[in-house]
Structure formats: C-alpha cells, structure tokens
Amino acid sequence: MDRFFYRLECFLKGQVSRKTFLKILLGGLTSFVAGNAFLKYAFAKSEGSNGRISRGITGNADIIVAKGVDPYRNTVEAVKGIGGMGKFVRKGDTVLVKPNMAWDRTPEQAANTDPAVVAALVEMCYASGAKKVNVLDVTCNNEKLCYEHSGIAAAVKEKGANVYFPDHWNVVKAHFPYESPMEGWPVLRDAVDCDVFINVPVLKHHGLTGLTLSMKNLMGVCSGTRGMIHFNIGRKLADLTDFLKPDLTVIDATRVLRAHGPSGGDVNDVEKMDSVIVATDPLLADMYASKLFGKPPMEISYISEALARSPEKKDLAKAKVVELST
Amino acid sequence: MKVKKSVIFRRSSQVFFLLLFLYILWTTTYPLKGAFNADMFFKTDPNIMLAVALSERTIVAGLVLAFIIPVLTLIFGRFFCGWVCPFGTVIDAAGSLRRKKKALSDGVNARIRNIKYVLLAVSIAAAVLGHQYAWVLDPIAMMGRFISINLIPAVTGVVEKTFIFTMRDLGFRPEWLYSFYRALKGSFLGVETYVFANSAPILAMFALIMAFAAWVPRSWCRAICPLGAIYALLARYALLARTVERCTQCGMCSRDCRMGAIKDDLDYVKGECILCMDCVYTCAPGRIRFRFLPARGQGGHKTLVRQGGKGAISRADFILLMIGSILASGLKWAFKVPRKLIRPPGSQDEKAFVDKCVRCANCMKICPTKVLQPAFLESGPGGLWTPHLVNEIGYCEYNCDLCGRVCPTGAIPRLGLEEKKRAKLGLARVDRAKCIAWSAGMECLVCEEHCPVSHKAIKIDNVIVNGVVLGRPVVDEDLCIGCGICQNKCPVRPQRAIVVDPQK
Ligand code: SF4
C-alpha cells in the first residue's frame, strides 16, 4: 500500500519537460481539429425517411366501439372485434404504442389516455408474440412528471413494456412525395422504424382544433419546435398521418374532457363515456369519435383536410360500424 | 515507514463527507427521494444560518442544527475543517498538487490569520444592520454552488455527449448500449442535460481559490474563510489540545503545518489547528499527542494562546471593519435597480428574498425545467447568483413545489402544492404586434393550449376572417399566475409574442 502511494505521488509530482508539454499540446490540438472535421462530416449527411412502411392490414369491420364500465375489458373486446391483435402483430415484431401522456395530470382529469387501455394493448401485443413493445410520448410538461402522474408508465411497465424518454437526437427528417409544409420535420426514429404503430389518443376538447383525436396525437412523436405545427395545422396533421400510417388507432373515450382542453385540470369538465373506439383507418376513427363527442367532423380542420384527399370516406353511414357492449 | 493511522483515518473521513455531500446534491432532483435532506449540509452551517436569522430577525426553520458543530468544536477544536468540510477537502487536494510547499513566516501567518476575523465581523455587522452578506464567502454554499452549477452539469453533459457521439455519429448502437443509456437517462443523467447561465464566474471564483490553495496550502482556510473564523474563535476554548513532551526542537512540525499554526518557537495557535494530525505523524520521536484538558505544565509549551495585541482585532482593524460594513450595506442601496426579475414562487418581496438567499444553488439544481437560473448583475450586485426565472429556458411547472422544499433558509417558502399553484409569479402579456394570430391572422394558440390553470388564464377571442374562425389569445389577469409556460412554448422567435412581466 505504501509503495502504491509512493508511486502515485511520484506520478503526480513528476516533472514534465517543455518538449513533452509541447508534444501533448500539439497532439491535443490536432485531434481536436480532426474530431471537429469528422463531426461536421457526420452531421452533414442528415438521415431522411420517406415514411413508415405499413403492412396495410384491414380489420373485420371499419370501426368497432366497445362500451362498458371497465376500460380494460372494452379495449380487449374491441380489439378482438376487429380481428384480434394477432392480425397486426407478428412474432418478433417491435411495436410502438403511442398513448397521450403529454400532461402532468392524473387519470381522473382526463387529459391523458387511460392507463388501463394502454396496458391492455401492451399485454395483447406481447401475447401475440411481439419482441418488444415501446411506449413513449414527447410531452408538453416535464417528462418525468407526465410519465409518472398519468399513471401510464407504471401500468405498462407492469405488463413488461419498454417505457422510455424519447431522444431528440435520434430522429429522421420527414420527406414527402408531394410538396408539404412538414417537409424536413424531425420525427423520432423509433416511430418510423417500428413494425407496428398503435396510436392510442384520448378524446378531449382542444382550444385550437376543437378536438384532440388520433391525428393530433401523432404530434407526440415529433421533435423540434412543435408549436410551429399549429400554423396550418389541418394540412400538417394530414401529411403527418400520411407519413406515419398508423396500423391501428384506439381512441380512449372512457373519460372525456369536454372543455378547457387539452390540458384541463378541472374534474367537473370530465364526462364519463365509457367507450373505446378501434379502427385501422385513423380518419374514420376520428370522424366517429368527433360525432360521439357531438361535434360535426367537418368542423375539425385536420379531418376536413384529410377528407378532401379521400372524399369517398365522407359519408360515415357507409362505414361498417360494430357496437359491442361489454 | 510508520503507518499513518490517524492521517489515513482523517483522509477517509474527508472523503466520506465529500462523497456524502456529492450524493446529497446529486439526489437533489425530482422526486427528491435521497436518503438525506437536501439542505442538511447548509443547515449545519452557522455562518449562513445565523447571518440569515440575524439579518431577517427570524428563526429560520431548523436553526438548532446550526449549533451542532459549534458545540462539538468546543470539545474537539476545529475538527470540522480538517475532517468534514468538503471545501476544505478539495482545498487539501489542490494543495497536494505541489511538492514544494510555500511556508510563510510567522509574521505573515499572524497577519493573514486576522483577515478572516475582519471579514466575519463585516458580515455580522451587516447582518445586524439587516443585510445578509455571509453568502459571499461561505465555503459550504460555494461548494454547493460549484457542484450544482458547474460540476454536475459538466459531468452529465460529457457522459451524454459521449453516448450520443458513439450511438449517432459512430453508428455503434447495439441494443444493450441503448438500453443502458435509456436507463441512465431515467436516473443518473436526467432526462435532459443542461448548462446554467452565468456559470463561468462561479467556476472562476472556485478555481481561483483552488489555485491559491495550490500555492500556499489551505491559504483560504488560514486567511479568508468566515466559517473557519467562527470555528477558530470557538476552538480556542476547546477541551482537546495538542501537547508535546520532551521536544527536541527539530522544527519539522512547524515546517509542515498546513495551517501555519505552529510558530517558530514551536508553540501553536490553537484556533488555527484543524487536527489534521500531520505533526503527530511527522514528529520523528513521536512526542506529539492530542489530549483532553492537558495540565498546564505538560510538554513545556503553552497550549492556550493568549489573545490580545496581535491576536485580537486591533483598533485599526476595527475602524476598517466599521467602514467596510457601512460600505457593504450601502452597496445594495446604492445599486438599487427597479425590480425586473421574476423570483421563485412565494418569494416576491425582492429585498427579503435577496437577503435570505445564500446562493447554495439547491433550487436551481432541483428545478425540473431549469427555469431557475443564477442571476448575474441583472438585479444589481446585491442580487448576484440569486435564482430567477428565465422563461426562454424553462417555465414554472404547475404541479411542482420542489424549490421551496430544498431551500435551507426559507428564502423560497415551503408553500405546499395547493398554495404554490395559486402563487403569482408575474403576469403574462400578449404582444399583439408579434403574435402571429393577432398580427398575421394565422392559427396558433399554443399558449392557450399549454396554460395549466384549469379554466385557462388565456382566453380565446374569436373573429371570422375570410369565413374561417380564427382564435386569438387574451390574458385573463385574475387567473394568470405567471408560470411562464406560454412564453416558453410560444413559437415566435427571436422574441416570444407572449411574455411574463414580474409583478409590480
Ligand atoms: S476554513 Fe472554511 S473552507 Fe476551510 S475547511 Fe474550514 S470551513 Fe472549510
């Protein structure tokens, strides 16, 4: 031990000659410059993406609505109704479940997706052989507080999901085949690279757009200054939906925030609707949900924008809707 | 080689307390689940706690803790400096960088030793006059500030950047590394790494003191430290004292003493001895011991140094002292600037806040959005390094009252969550010329979307432009609490279109 201390002392107090000092200095400078040049090179090739590749699976019906007091059962039954999770998730898949947990609010305040709905989906994904189920959201309030107070992180961790805070350095730049105001927008890589994308919004009031629905919920995988998406929001969200092509949309309408959304906070604004809506087409899901809320779908800018692109969906009455009660 | 048992013992104690201090500051973060109270170290610092209590004429919560170490000092002497003080530990480490230690002569030692008493007296006099300046030189606060504002952000930043470099730029991204990184992000690193504004002067002050310590060992503790001065005054009456028997007058101990406490005549200044045990170890014949209540004649050295003449504060010092304290208290008054900073929740009285704040940086460390940043000269020199809200960086999180829970002096009061949610920090104001909804007729309302007040302190004013309904934000002055999330999230750059003004 004493020897060791002696050596250490010799090392710490040893003399450094001028030559060595200059050598070290020069070496340091060169590596710094070289490193910088390398970094510039690495940054220069920004990674673009032409959008998520979806398997394009359709369900047994266009829209399934399950009503009942237990949100967990509602979710299970609704997914069963559309054909079962096995239809979407294959063995070894990486699944992204994207709830709305953007706000530092409790489940009772209904600003975030109900934890039981998300947990049920995670469980079903694993039962269908998923390798990994990721759960994340780019939050509006502090990440840790949102993940914890929404109750979602704890609920899905119990089912084995991989809950983590998104990395804003790990993004791809969105490219569109047509001219888009979202061109070049940074989107989380995990949202684009996953095999199955399940979008789990909560139905609630929203000041600017009227309602927060599945398309609006996709903003939660965008990085960058997201406030900017608000100008011309209809167009941007329609393009974003087109880019991400969610395979399954599950709208949680268990507790619905009727006013002062999207953050809410007052439990008196919350109405129990006890429903879960499942669809493969995000547009149909949003249209149905907005009707359920009592708002004409055409009043929601992103719905009307998306409808202008596929006018054949305009008439909700033509869609095959199955209502279950659990 | 003789095993330096007591020296090793002391070093372990120093390392232990330094690590403890680091651990406490590291866990000063949401959800505040460390094993110790975040403000523990600061509360046991009599220098700042008593100064705050004196200048504000209040009993600070937990004030009794400030008496623990003084009482122990009356028994053991200035053990705190040699065995506990984390600042002293780093100073020791800096001092050991140089092999040839600079030894000062007796005269110089005696003179610089008195500086710290003068400084302490200035700060006490200022406190009596109602101004708290103890923070300026307090070692514990300085250490906390350095760790929270410089060290931790630097370490986490470098670790995170290394990970990002490996995984993004080098493309090495195996599953295990990524999961490890994610686990770190949820714990050690924090979700986002950050840097503090105005952190350079804090580092500079720390580095300067360390440079001096490398030049003359423990130069800070000998000459400047006000906390050391308090303990030195008490240590004079300590029960434990150094004794020497049958001294051979070799003078080794005097040459090696890191505090310059052993004089040329081999007598020692009791108040300066930090019980580092070096002399016990260096004394070749092993004749130095520390004993409780040694008999007067033991060892042939006077063990108690009589104060008077050189040892005490001279008349010149006293006059200097008075001038100094008057200047010091005049400083804040002379540089008085109109209130333009937004202070943490519950501390809206600027004068009381600045006087209670000891700049320990606990609140800035724990703030989850890092809206709390150290001020520089924005509110005058008197407000240096006090926390204020910079809404471009963060915003006051609605469901959070952590800053008040870690403040050692109550500068930020413990409001409790419900009351904190109602505490007004300022008032938001929409700049209609900049706001794109008002000036350019574009849809935005990001501010309204984020407003955490449950019935929205930002109301929507609807107009119909070209047949389309357009919402424009209007602030409800009664509901607005000035949390600043609107300013933080407003997408208009470079200046935001909605800003929070401090309350009048
Ligand atoms: S003199 Fe001050 S800085 Fe030095 S060890 Fe003592 S308390 Fe710490």
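Mentor: Let's begin with a term: a salt bridge is a side-chain nitrogen of Lys or Arg within 4 Å of a carboxyl oxygen of Asp or Glu. Keep in mind that this is a predicted model.

Trainee: Which residue forms a salt bridge with K132(A)?
Mentor: The closest N and O atoms of the pair are 2.2 Å apart. K132(A) lies in strand 4 of chain A and its partner in helix 9 of chain B, so the pair joins two chains. The partner is E175(B).

Trainee: Is E175(B) buried or exposed?
Mentor: Residues count as exposed when their relative accessible area is over 50%. E175(B) has 51%, so E175(B) is exposed.

Trainee: How many salt bridges are there between chain B and chain A?
Mentor: One further example is D167(A) with R182(B), at 3.9 Å from N to O. Over all chains the count comes to 32 salt bridges. Between chain B and chain A, the count is five.

Trainee: Which helices of chain B each supply at least two residues of the side that touches chain A?
Mentor: That side has 23 nonpolar, seven polar and 16 charged residues. The helices that each supply at least two of its residues are helix 8, helix 9, helix 21 and helix 22.

Trainee: What is the area buried between chain B and chain A?
Mentor: The contact takes 46 residues from chain B and 47 residues from chain A. It also has 26 residue pairs in polar contact. Carbon and sulfur atoms give 53% of the buried area, which is about 4,100 Å².

Trainee: Which residues come nearest to the ligand?
Mentor: The shell around the ligand has nine nonpolar, two polar and two charged residues. Helix 5, helix 6, helix 11 and helix 12 of chain B each supply at least two residues of this shell. Of the 13 residues around the ligand, the ones that come nearest are C81(B), C85(B), R218(B), C221(B) and C225(B).

Trainee: Which residues are linked with R218(B) in a network of salt bridges?
Mentor: R218(B) has already come up as one of the residues nearest the ligand. Its network also takes in R10(B), D92(B), R258(B) and D278(B).

Trainee: How many residues apart in sequence are the parts that D461(B) and R472(B) tie together?
Mentor: Their side chains meet in a salt bridge at 2.8 Å, N to O. D461(B) lies in strand 6 and R472(B) in strand 7 of chain B, so the pair ties together parts whose separation in sequence is eleven residues.

Trainee: And is R472(B) buried or exposed?
Mentor: The cut-off for buried is under 20% relative accessible area. D461(B), at 27%, counts as partly exposed. R472(B) has 16%, so R472(B) is buried.

Trainee: Which residue has its backbone nitrogen 2.7 Å from a polar atom of the side chain of Q373(B)?
Mentor: Q373(B) lies in strand 3 of chain B, and its 1% relative accessibility means that Q373(B) counts as buried. Among the residues that Q373(B) touches are V195(B), F196(B) and M364(B). The backbone nitrogen in question belongs to A197(B).

Trainee: Where is S290(A)?
Mentor: At 0% relative accessibility, S290(A) counts as buried. Its contacts beyond four places in sequence include L211(A), L213(A) and I303(A). The place of S290(A) in chain A is helix 10.

Methods:
Residues numbered from 1 in each chain as written. Chains lettered and ligands numbered in written order. Predicted model: local features only at pLDDT ≥ 70, side-chain atom pairs only at ≥ 80, totals over all residues. Heavy atoms only, no water. Contact = heavy atoms within 4.5 Å. Buried area = accessible area lost by both parts, 1.4 Å probe. Polar contact = N/O pair within 3.5 Å; in protein donor to acceptor, adjacent residues only side chain to side chain. Helix = DSSP H or I, 4+ residues; strand = E, 2+ residues; numbered from the N terminus. Nonpolar A, V, L, I, M, F, W, Y, C, P; charged D, E, K, R; others polar. Near = heavy atom within 4 Å. Buried < 20%, exposed > 50% of the residue type's maximum accessible area, 1.4 Å probe, protein only.
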